[in-house]
Amino acid sequence: MAHSVNRRTFLKLAALGAGAAFLPVTMGGEKASLAQASPESLDGLLEPIRAAHGMPALAGAFVRGSDLAAIGATGVRRAGTADRVQVHDRFHIGSCTKSMTATLIALLVEQSKLSWGATVADVFPDLLGKIHSGYHRVTAVHLLSHRAGLPERSGADPSWPQVRALAGPLQQQRRALIEIVLSRAPVAEPGSRMAYSNFGYTIAGAFAEQVTGQRWEDLMHRMLFSPLGMTIVGFGAPGLAQPWGHKPTGCHPVAPGPDADNPPVIGPAGTVHCSMGGWARYAALHLRGALGEPGLLVGTDSFERLHRDEFGQGYALGWSVVRRGWAGGTALTHAGTNGFWYAFVWLAPARNAAFLAATNCGPEVGLRACDAAVAAMIRKYLS
């Protein structure tokens, strides 16, 4: 069964990721990526890492400010074939989707369609009779900071089989998910502690749908991807003519289809796939926002909110917040996996740098390969 990064993985990431190895946006077509038309190739740096870790494919990108300074992809789309991966191919980024959903909420707040303090009761008054009263005052910030009192592991929750069985229009599915998941008492007082939850981000996406009348997927394209010039982007397994995900044991390929990703209903928590160049555009947006640059897609106050760890838990709104020597202080990061892919993004505002890596094989082996790729890029570009 596919899954996403949980709290345990984030603790490992905070302790080891992109540091263990060695104690934005200009518009235009994606092929002109960011402000640099001819970024340096990373293929030579990535290939020995891919081979050493036994990955079918490995891709990476390095952003300096508003420039895509380097990008590369090496290996094959599917193990056992000679179908070479291309630099503009689509990689599934899993829970790295979460900061995108949080950014969408920030855009709606700026349009006065939502507020950070908007509650379940405010947004879904018609569902209150079906929702446990303990969830009525859960806010958008609670959902996006994993403090809504929801169970930590969606896949282990008793409601997961019901959620996976949902069918029909996605907006209706997400409303049904709210009724199913919020029908039982919270596992903790909302706001009291962090418990990493895909359901929380799904419900935040449903907030966006409720106040706009549009699907989360359509809102993401219209309000985030299109303005950033992200043209190679979508949801779920990328497709037959794209890289396939692989099971971590032996890196066996998994054909695109229902078993190749989490169900679409939890899309806001982690179903985006995109090209590395497109993802780099998004990383550059947040890198520049973290530096307080005005005039971006999201305002400076929104970036401050998105990046602020107000609960002192090592997690803001869609971003883990850690300190790294190579980053010159605070770094923003996130990992993502659905069990068949792995992706990493790191922002180092003090160094005006961002690093991205992705592979089409599952969690533990994928984590090690992506961490090694990011570490190699850090050595090359920040040493």
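The second largest pocket of this predicted model has a volume of about 230 Å³. Its lining comprises 13 residues, and those nearest the centre are G236, D261, N262, P263 and P264. The structure also holds one disulfide, formed by C251 and C361.

**Second largest pocket**
- Sorted by class, the residues that line the second largest pocket are five nonpolar, four polar and four charged.

**Disulfide C251–C361**
- The sulfur atoms of C251 and C361 are 2.1 Å apart, and the two residues form a disulfide.
- This disulfide is left-handed, because the torsion about the S-S bond of C251 and C361 is about -115 degrees.
- C251 belongs to the loop between β6 (245-247) and β7 (252-254), while C361 belongs to the loop between β12 (353-359) and α13 (363-382); the pair therefore ties together parts that are 110 residues apart in sequence.
- Both C251 and C361 are buried.

- C96 counts as buried because its relative accessibility is 3%, under the 20% cut-off.
- C370 takes part in no disulfide, and the nearest cysteine sulfur, in C96, is 9.2 Å away.
- The relative accessible area of C370 is 0%, so C370 is buried.

**Strand β3 and its partners**
- Strand β3 spans residues 67-75 and is mostly covered, with eight of its nine residues buried.
- On the parallel side of the pairing, two bridges join β3 to strand β1 (residues 40-41); within this pair of strands, E40 has A70 as its bridge partner.
- Strand β2 (residues 57-64) runs antiparallel to β3 and is joined to β3 by eight bridges; V63 is partnered there with L68 of β3.
- The hairpin of β2 and β3 has two residues between the strands, and G65 in this hairpin adopts a positive phi near 65 degrees.

**Setting of G44**
- G44 is located in helix α2, which covers residues 43-53.
- With a relative accessibility of 61%, G44 counts as exposed, the cut-off being over 50%.
- A distance of 9.4 Å separates the C-alpha atoms of G44 and A73, which are 29 residues apart along the chain.

Conventions:
Residues numbered from 1 in each chain as written. Predicted model: local features only at pLDDT ≥ 70, side-chain atom pairs only at ≥ 80, totals over all residues. Heavy atoms only, no water. Helix = DSSP H or I, 4+ residues; strand = E, 2+ residues; numbered from the N terminus. Buried < 20%, exposed > 50% of the residue type's maximum accessible area, 1.4 Å probe, protein only. 1 Å grid on protein atoms, 1.4 Å probe; cavity = no way out; pocket = protein on both sides within 12 Å on 5 of 7 lines; lining within 4 Å. Points joined across faces, edges and corners; volume = space filled by probe spheres on them. Nonpolar A, V, L, I, M, F, W, Y, C, P; charged D, E, K, R; others polar. Pairing = 2+ DSSP bridges. Disulfide = S-S within 2.5 Å.
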